[in-house]
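Subject: Structure for your review

Dear colleague,

Please find the structure below, followed by a short account of what was found in it.

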Amino acid sequence: MALPMSRKLKNFDQNVDIIHIQTPFFMGHLGQYLGWKYKLPVVHTYHTFWEEYLHYFPVVPKKLRNKVNLLLLTRNFPNRCSHIISPTQTIHDKLIEYGVTKPITTIPTGIDLVKIKQTSVDTADFRRRYLIKDDQPICTFVGRLGPEKNILFLIEAFKTVLEKVPNAVLMIIGDGPQRAELEAKISLLGIEDSVRMTGYLTHSQVFEHYLLSTCVVSASKTETQGLGLLEGLACGLPAVCIHAIGFKDVLTGNKGGFLTKDCLTDFSDRAIQLLTDNALYKEKKEEALAIADNSSSQAMVDKIAAIYESLYKK
């Protein structure tokens with residue numbers, strides 16, 4: 001909640017043609033109110049399936065934490081806007097299922113390909129810092145360390161990967177409330193020497209780590225668009241992910257990696273296949289780069305600008 005509000009809102013209608021809101025919470029409702037007051041079109045980007053994150057909001061009244069009530073809010077808020085932007089086709093279809101009737105356009109967030117291509121790394125220093133030998137493949141996860149990311153599954157699957165690829169390393173980039181539990185699980189499985197937990201890294205540092213990794217791995221079931229996955233693909237990394245929302249819109253047809261069942265065996269088998277078949281790895285790497293090339297930030301900005309223009313002309 002952004003308080004106190006600026007007094008400049010009294011003159012909000014001056015030189016404003018369109019309001020674009022990114023949240024259904026306080027600032028989003030303020031944006032809708034200002035759109036109604038000054039008769040301005042309101043665009044809303046629907047980013048997240050909030051029902052998957054209710055465990056982070058214990059202060060929310062129980063009746064609003066009920067999924068039925070939350071879905072009603074999810075429907076009503078977009079229907080008070082002029083146009084909805086969905087980051088994936090899956091979310092687009094889900095919003096229609098929820099009962100959203102306003103126009104919906106699917107536009108992924110887009111990735112900064114220029115910044116990624118300008119990133120330089122010191123391979124020797126990186127591997128020395130993390131005690132990783134040159135012949136050790138690195139499977140990298142990037143994200144918040146929380147239950148919704150399903151990292152316990154990932155750790156268990158990696159235990160099986162080590163049976164076939166004993167020199168592999170699992171790199172977990174990020175921090176969060178589940179870190180201690182994850183560390184305990186790693187210790188219980190006896191794979192401490194094969195896992196590196198970096199803690200929080202800046203965006204630029206994530207790119208550096210991606211560029212020195214072998215593949216991206218994620219078992220999350222709550223991604224809206226898999227932006228971190230796209231950035232990994234842009235660094236030339238094939239991916240192994242559970243067939244779930246966010247990922248299935250990126251790795252369509254298993255291009256750029258593999259979508260697996262919600263099954264430890266299937267997940268670990270695909271990771272092993274990727275790490276042991278050089279020809280397959282090269283093929284998936286090329287597919288990954290091709291997917292990323294079609295997901296640049298500039299291409300997505302152009303699509304949003306077209307929506308703005310259509311609303312402005314009405």
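This is a predicted model, in which local features need pLDDT of at least 70, side-chain atom pairs count only at pLDDT 80 or more, and totals for chains, interfaces and linings use all residues. Residues are numbered from 1 along each chain as its sequence is written, and side-chain values use heavy atoms, with hydrogens and water left out.

Aromatic rings. The structure contains three aromatic pairs (rings of Phe, Tyr and Trp, the last by its six-membered ring, with centres within 6.5 Å; planes under 30 degrees apart are stacked, over 60 edge-to-face, the rest tilted). One of them joins Tyr33 and Trp36: the ring centres are 5.9 Å apart and the planes lie at 40 degrees, so this pair is tilted. Tyr33 is partly exposed, at 42% relative accessibility, while Trp36 is exposed at 65% (buried is under 20% relative accessible area, exposed over 50%, partly exposed in between, with a 1.4 Å probe and protein chains only).

A charge over a ring. Lys284 lies over the face of Phe258, 4.9 Å from the ring centre (the criterion is NZ of Lys or CZ of Arg within 6 Å of the centre and within 35 degrees of the ring normal).

Cavities. Two cavities of 30 Å³ or more are present (sets of points on a 1 Å grid over the protein atoms alone where a 1.4 Å probe fits but cannot get out; lining residues have an atom within 4 Å of a point).

Yours sincerely

Definitions and conventions. On a 1 Å grid over the protein atoms alone, a cavity is a set of points where a 1.4 Å probe fits but cannot get out, and a pocket is an open set with protein on both sides within 12 Å along at least five of seven lines; lining residues have an atom within 4 Å of a point. Grid points are joined across faces, edges and corners, and a volume is the space filled by probe spheres set on the points.
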